[in-house]
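Dear colleague,

I am passing on the structure we spoke about, and below it you will find my notes on what turned up. Please read them with the model open beside you.

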Amino acid sequence: MNIFDFVAQYWPRLLAGTGMTVAQFFLATLLGVTVALIMGLMKLSPNKLVRATAVTYIEIFRGTSLLIQLYWIFFVLPLFGVSIDKFTAGYVAVGMNIGAYGAELVRGGILSVPKGQWEAALAINMSPAQRMRRVILPQALVNMLPPWGNLMIELLKGTALVSLISVADLMFETKQINGSTFLSAQAFGAALVIYYILARFMVTPFMRWLEAYMARKMGRA
Amino acid sequence: MFDWKWEFAWEILPRLFVATGNTLLAAGAGYAIALVLGLFLAIAQRSPSRALTFVVRELVEFIRSTPLLLQIFFIFYVGPQFGIRLSPWMSGMIAIGLHYACYLSEVYRGGIDSVPKGQWEAAIALNMTTVQKYRRVIIPQAIPSALSGMGNYLVGIFKDTPMLSVIGVAELIHTANAIGSEHYRFLEPYTMVGILFLAISLPAAGLIRLVEGRVRRKMGLK
Amino acid sequence: MLDMSGFPLELSGENKPMVSFRKVRKSYGALTVLDDLDLDINAGEMVSIIGPSGSGKTTVLRMLMTLEQINSGVIYVDGKPLTHMPKGGQLVPANERHLHSRRSDIGMCFQHFNLFPHMTALENCMEGPVQVLGLSKAEARDRSEELLELVGMIAKKDQHPSRLSGGQQQRVAIARALAMRPKVMLFDEVTSALDPEVIGEVTNVIRGLVSEHNLTMLMVTHQMGFARDISDRVCFFYGGKIEEQGPPSELFGNPQRERTQQFLSAVREAV
């Protein structure tokens, strides 16, 4: 069976799996960006305790594996009375993991804004929150977008792990099809191509567009 | 802590240590493959042949854009379809080695690009062959600026070895899964695996930074 | 295919030049850097190239070192074609193998020294002899130390370039090039990147080479006084051509062409 016949026969399941992958991707992105912003800002806080919290979070999530985090959230958290379904466990693990990496990008982006900008914002008597929100963050965002592009690809790839707690994403469907048909080359090959299309022709172009859009908005293009 | 059984934790510790050995072995072997293969991928992208450069570039892009987990399955299951049987270890090493070779090729490329043009010219003026140029002049200078990237991916490979559990490589997660299903207890094995990972990757990151500084100084690069 | 019939497979005769540019043309897109250059340099001759920036001076050296390809014409070194090789009774563009075999006649010193930063001064000098010429380490060390002595850098032989001043680095670079025993030495603005107070230590080394060795040398320089002192011949380049050439006393003392006069008086005013 060639790969076209394979896709013609199994496309509904591949499509369903891809839909689930995209859903996991979006939810994990939402969570990941939020976590990254919070942790990145916390790591820059003058308060030692706040900073230590952020460092601990970041080191734990960057120092262990996504797979361990996923298993821990799904299998161990219920023992503490926090029971979450596999769908939620999936994107929460991916999002929290990526958030830790993103926090470093947020921190780096903020530090890359020239000191003169802080001083200028202070000189017009902005409050610390205003300075951050109105002056620093917009510029930091433009600076950190290029590495975020790579991180988003890592996030997309990370979602494949949710198949290991039986979330019916593209990886999971592919494995199921492989298990029942033994058409390994076709099944895994098709999935590789779909992931590649998502990464190369959707995520990356969107991030490039976002970079260009932000640069234009900041008057840098 | 809630329901934590020290006795049980103590009992499974030896098994986890053995698995740690396997994890480190897998990471080391995968990294060795990636280090060497990555260099070839980087140099191939600087070849004068447009076709070779294009093919390698696209291959690297493809492998970097798709999940390692899927690649592990692909290599493990597709072989037998064509009569090639690879052991879990073998498939795992090929998958991880190839995946990270692509990342390392980008690190090397960055390092090679950071070597000033004058160094290439001086090498030509000394009448060096292409191999001599890379081996004696370019790579020694590219490595210091590539070191931090190389170190990050060593830790990265270590943290990705748990994916090998899916094809039955007896590394840490695989062992934790086995313990968990034997005893119906997941709290201790998964938590301990997490701590073991932290205990290795955090000092490793520090160590890498130390080595980086050493190498730079030893090479006379400040 | 270009017509190569006007170019001999080899130059012969008692007085054949050490270096010969024959109708050499080099352009980058629409910009012509060298326009059908003809230039012969005799064995043992010291030739300086002067001229305004963008006149193609440095390009002459870079083509001779095979750092850049020429568009047409042929360069001969020691009678044999450098940029081309004979094949079936005709000259065809050289392949890497031919370049490798012919490049050993030429050595070059660069404006920015280009010493290998990961090697000490001595290791820089030994690198070519050991790796390319296949000398034993002991032989290469003897030869390199002798040359480092010659350029006055023997005391610093175990230092990395980052610990040396510009003038010291350039002297090591000269020793490194000489260690390959080239027949032709090229000096590409070797004093331009140096602080004024250390220029002398480099020019003195080159002076010594001129008076004591029978090397063929080609030098691009902005230092008119130096060129005048040590050259057998000075070429004034303008717009990719040799506008005027002659013994330094004539070219500097009694320039014939208007552009040469303008250039020289502009340079004098700047000093």
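A residue is called exposed here when its relative accessible area is over 50%, buried when it is under 20%, and partly exposed in between. Please keep in mind throughout that this is a predicted model.

By that cut-off Asp229(C), at 53% relative accessibility, counts as exposed, whereas Arg207(C), with a relative accessible area of 30%, is partly exposed. The side chains of Asp229(C) and Arg207(C) form a salt bridge, with 3.2 Å from N to O. Because Asp229(C) belongs to helix H7 (residues 224-230) of chain C and Arg207(C) to helix H6 (residues 196-212) of chain C, the pair ties together parts that are 22 residues apart in sequence. Elsewhere, salt bridges with shared partners link Lys117(B), Glu121(B), Lys26(C), Arg62(C) and Glu68(C) into one network. Over all chains, the search of the whole structure gives 32 salt bridges.

Two further pairs may be of use to you. In chain A, Arg107(A) and Glu104(A) form a salt bridge whose closest N and O atoms are 3.6 Å apart; the two residues are separated by about one helical turn, because they lie three residues apart in helix H4 (residues 86-111) of chain A. An α-helix has 3.6 residues a turn, so residues three or four places apart point the same way. Of this pair, Glu104(A) is buried, at 19% relative accessible area, while Arg107(A) is partly exposed, at 26%. In chain C, Asp105(C) forms a salt bridge with Arg102(C), the closest N and O atoms being 3.2 Å apart, and both Asp105(C) and Arg102(C) are buried.

The other element I looked at is helix H7 (residues 172-183) of chain B, which has 12 residues and reaches 16 Å from its first C-alpha to its last, close to the 16 Å expected at 1.5 Å a residue. Its buried residues are Leu172(B), Ile173(B), Thr175(B), Ala176(B), Ile179(B) and Gly180(B), and they lie on the same side of H7(B) because they cover an arc of only 160° around the axis. Among the elements that cover these buried residues are helix H3 (66-76) of chain A, and helix H1 (6-44) and helix H8 (187-218) of chain B.

Notes:
Residues are numbered from 1 along each chain as its sequence is written. Chains are lettered from A and ligands numbered from 1 in the order in which they are written. This is a predicted model: local features need pLDDT of at least 70, side-chain atom pairs count only at pLDDT 80 or more; totals for chains, interfaces and linings use all residues. Side-chain values use heavy atoms; hydrogens and water are left out. Helices (H or I, at least four residues) and strands (E, at least two) are DSSP runs, numbered from the N terminus. The expected span of a helix is 1.5 Å times one less than its number of residues. Buried means under 20% relative accessible area, exposed over 50%, partly exposed in between (1.4 Å probe, protein chains only). The arc is that of the directions from the helix axis to the C-beta atoms. Contact means heavy atoms within 4.5 Å. A salt bridge is a side-chain nitrogen of Lys or Arg within 4 Å of a carboxyl oxygen of Asp or Glu.
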